[in-house]
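Please read it alongside the sequence and the model.

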Amino acid sequence: MHKNRVEQAFSDHADTVLRAAWHMTGRMQEAEDCTQEAFLRLLSAPDSMEDSHILPWLIRTAVNLAKDYRKSAEHSRTVSLEEDMGLREQGVCFTSREESVLGAMMSLPKDVRLPMCLHYVEGYSIEETAQMLHTPRSTIASRIRRARMKLKELYQEKRIGKEEAQT
């Protein structure tokens, strides 16, 4: 693919691809690596690729790279949430509520986390999310529904725990 088209795609879609990769890896550094590799692979993609197909292709490539990363032996290491997110040293601060929501999202199984992120955070329709992930629409809708139910359970458990602690 022509270098100018890749630069434009990077300008337009890098943040979205990075967030998708981060939701798969759970680690900012690995998500950045997957994102970078996806854009490098885009350089060798055919010039005939339509502009509307670039973002789904990038997300699918980054997700596949993230899956490969998860399979690697290096993934078994553990780190703190702050190191894991890699955001504190970049000056990004979260409120306690935002950290709570982020922690709850990261606790979801990966198969439901990414569709939920693409749909609710990135604003893609269920149909667009299904196309990007090469997954049937009904499966994506089911995964999003399961993610919402799990988040609701987590919220209710936390709220009940707070009420018991106050008594």
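Is F10 buried, partly exposed or exposed? With a relative accessibility of 47%, F10 counts as partly exposed, where buried means under 20% relative accessible area, exposed over 50% and partly exposed in between, for a 1.4 Å probe and protein chains only.

## Basis of the model

The model is predicted, so local features need pLDDT of at least 70 and side-chain atom pairs count only at pLDDT 80 or more, while totals for chains, interfaces and linings use all residues. Residues are numbered from 1 along each chain as its sequence is written, and side-chain values use heavy atoms, with hydrogens and water left out.

## The aromatic pair

The count comes to 1 aromatic pair, taking rings of Phe, Tyr and Trp (its six-membered ring) whose centres lie within 6.5 Å, with planes under 30 degrees apart counted as stacked, over 60 as edge-to-face and the rest as tilted. The ring centres of F10 and F39 are 5.0 Å apart and their planes lie at 75 degrees, so the pair is edge-to-face. It links distant parts of the chain, F10 in helix α1 and F39 in helix α2 (residues 28-43), 29 residues apart, with helices taken as DSSP runs (H or I, at least four residues) numbered from the N terminus. F39 is buried, at a relative accessible area of 5%.

## Around I140

I140, in helix α8 (residues 137-166), is buried, with a relative accessible area of 0%. Leaving aside residues up to four places away in sequence, I140 touches P115, I126, T129, A130, L133 and T135, contact meaning heavy atoms within 4.5 Å. The C-alpha atoms of I140 and I126 are separated by 6.6 Å, and these residues are 14 apart along the chain.

Definitions and conventions:
Helices (H or I, at least four residues) and strands (E, at least two) are DSSP runs, numbered from the N terminus.
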